[in-house]
Amino acid sequence: ARADVLVATAMNEPARADPQFMRRIERSVPLARIGAAEELASVICHLLSDDASYTTGQVIAVDGGATAR
């Protein structure tokens with residue numbers, strides 16, 4: 001698994017405190033915001049659940065629409 005967009009974590013808090021950095025990130029994502037860890041976690045939980053038992057070999061973009069550009 002990999003994350004190609006910024007997700008709010010304690011590790012990147014210093015970078016997120018920079019308003020210019022955040023504006024640049026927000027302009028690059030169609031939803032105009034960074035992701036929340038919970039948003040990624042909900043997809044992972046779904047894939048680990050029985051609800052996804054017939055899901056195989058998929059790439060699921062959880063990126064606020066960044067790959068749709």
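Does Asp-63 count as buried or exposed? The points below begin with that matter.

1. The model is predicted, so local features need pLDDT of at least 70 and side-chain atom pairs pLDDT 80 or more, whereas totals for chains, interfaces and linings use all residues. Numbering runs from 1 along each chain as its sequence is written, and side-chain values use heavy atoms, without hydrogens and water.

2. Asp-63 counts as buried because its relative accessibility is 12% (buried is under 20%, exposed over 50%, partly exposed in between, with a 1.4 Å probe and protein chains only). The residue is located in the segment that follows helix H3 (37-48).

3. The side chain of Asp-63 comes to 2.9 Å from the backbone nitrogen of Gly-65. Beyond its neighbours within four places in sequence, Asp-63 contacts Val-5 and Val-29 (heavy atoms within 4.5 Å).

4. There is one salt bridge (a side-chain nitrogen of Lys or Arg within 4 Å of a carboxyl oxygen of Asp or Glu). Arg-33 and Glu-39 form it, with an N to O distance of 2.7 Å. Glu-39 is partly exposed because its relative accessibility is 30%; Arg-33 is also partly exposed, at 39%.

5. Glu-39 and Asp-63 are among the residues nearest the centre of the second largest pocket, which has 15 lining residues. Strand E2 (35-36) and H3 each contribute at least two residues to that lining.

Notes: Helices (H or I, at least four residues) and strands (E, at least two) are DSSP runs, numbered from the N terminus. A polar contact is a pair of N or O atoms within 3.5 Å; within protein, one must be able to donate a hydrogen and the other to accept it, and residues adjacent in sequence count only if both atoms are side-chain atoms. On a 1 Å grid over the protein atoms alone, a cavity is a set of points where a 1.4 Å probe fits but cannot get out, and a pocket is an open set with protein on both sides within 12 Å along at least five of seven lines; lining residues have an atom within 4 Å of a point.
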